[in-house]
Amino acid sequence: MIDVANQLGLPSYLYFTSGAGFLGLMLPPSTRHSQIDTEFEDSDPDLELPSFVNPVPIRVLPEALSNKHGGYAAFIKFAQRFKEAKSIIVNTFSELEPYAVESFANDRVDHSKIIGWLDAQLELSVVFLCFGSMGTFDAPQVREIALRLERSGHRLSWASAEAGWQTRWKL
């Protein structure tokens, strides 16, 4: 129905019948897929999800994400389509899933940690990189950006509005 709404110039709203935790599990892998373009392997490091308190071991993810039964492409396609909706109405309430709901409300960015890290760096020694919610790149483009930034020798703070996270590296 998203396509129909787009053709009519109307906003589309998605009713997600599962809770916020599961929605928070669905969205980041689609962003990861656009950068890495491969399903999860049991040997991959634990997945840090903004909607989960602790990192999630890959072996406990839904089997579709490891493509054991061929469901990976469908899982990723659904999650990518969810991002096209104007808004997602989730079947939950904050008292049931406070951490997951809060992760969508304020993207779980700890600004004090980021500012503390920036304050500890030499003046003019950090590159801030943010492409906003429309900045999507395929895997070769992300690798090229990362390679060029690594070769620059500068410290980096990379923010992703789409994924709802911010990280920093000392290159």
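Trainee: Which residues touch the most other members in the largest nonpolar core?

Mentor: Please keep in mind that this is a predicted model. The largest nonpolar core has 20 residues, and those that touch the most other members are Met 26, Phe 40, Leu 47, Leu 61, Leu 65 and Phe 82. Two or more residues come from each of β1 (13–16), α2 and α3 (72–82). The largest contribution is that of α3, with 5 residues. As for Leu 47, its contacts beyond four places in sequence are Phe 40, Pro 55, Val 56, Ile 58 and Leu 61.

Trainee: How many helices and strands does the protein chain have?

Mentor: There are 6 helices and 5 strands. Read from the N terminus, the order is α-β-α-α-β-α-α-β-α-β-β. Of the contacts in the chain with a separation of 6 or more, 65% join residues 24 or more positions apart. The chain has 171 residues, of which 32% count as buried.

Trainee: Why is α2 described as largely enclosed by the rest of the structure?

Mentor: Burial is counted residue by residue. In α2, 13 of the 17 residues are buried, so the helix is largely enclosed by the rest of the structure.

Trainee: At what angle do α2 and α3 pack?

Mentor: The angle is about 100°, and the axes lie 8 Å apart. Because angles of 65 to 115 degrees count as roughly perpendicular, α2 is roughly perpendicular to α3. The residues of this contact comprise 11 nonpolar, 3 polar and 1 charged. On the α2 side they include Phe 22, Met 26 and Arg 32, and on the α3 side Tyr 72, Phe 75 and Gln 80 are among them.

Trainee: Is Glu 97 buried or exposed?

Mentor: The test is relative accessibility, with buried meaning under 20%. Glu 97 has 18% and therefore counts as buried. This residue is in the loop between β2 (87–90) and α4 (98–106). Beyond four places in sequence, Glu 97 touches Gly 19, Ala 20, Gly 21 and Thr 92.

Methods: Residues are numbered from 1 along each chain as its sequence is written. This is a predicted model: local features need pLDDT of at least 70, side-chain atom pairs count only at pLDDT 80 or more; totals for chains, interfaces and linings use all residues. Side-chain values use heavy atoms; hydrogens and water are left out. Buried means under 20% relative accessible area, exposed over 50%, partly exposed in between (1.4 Å probe, protein chains only). Helices (H or I, at least four residues) and strands (E, at least two) are DSSP runs, numbered from the N terminus. A nonpolar core is a set of buried Ala, Val, Leu, Ile, Met, Phe, Trp, Tyr and Cys residues joined through side-chain atoms within 4.5 Å. Contact means heavy atoms within 4.5 Å. Axes are lines fitted to C-alpha atoms, for helices over the stretch in contact, and angles run from 0 to 180 degrees between N-to-C directions. Angles under 35 degrees count as roughly parallel, over 145 as roughly antiparallel, 65 to 115 as roughly perpendicular and the rest as oblique. Ala, Val, Leu, Ile, Met, Phe, Trp, Tyr, Cys and Pro count as nonpolar, Asp, Glu, Lys and Arg as charged, and the others, Gly among them, as polar.
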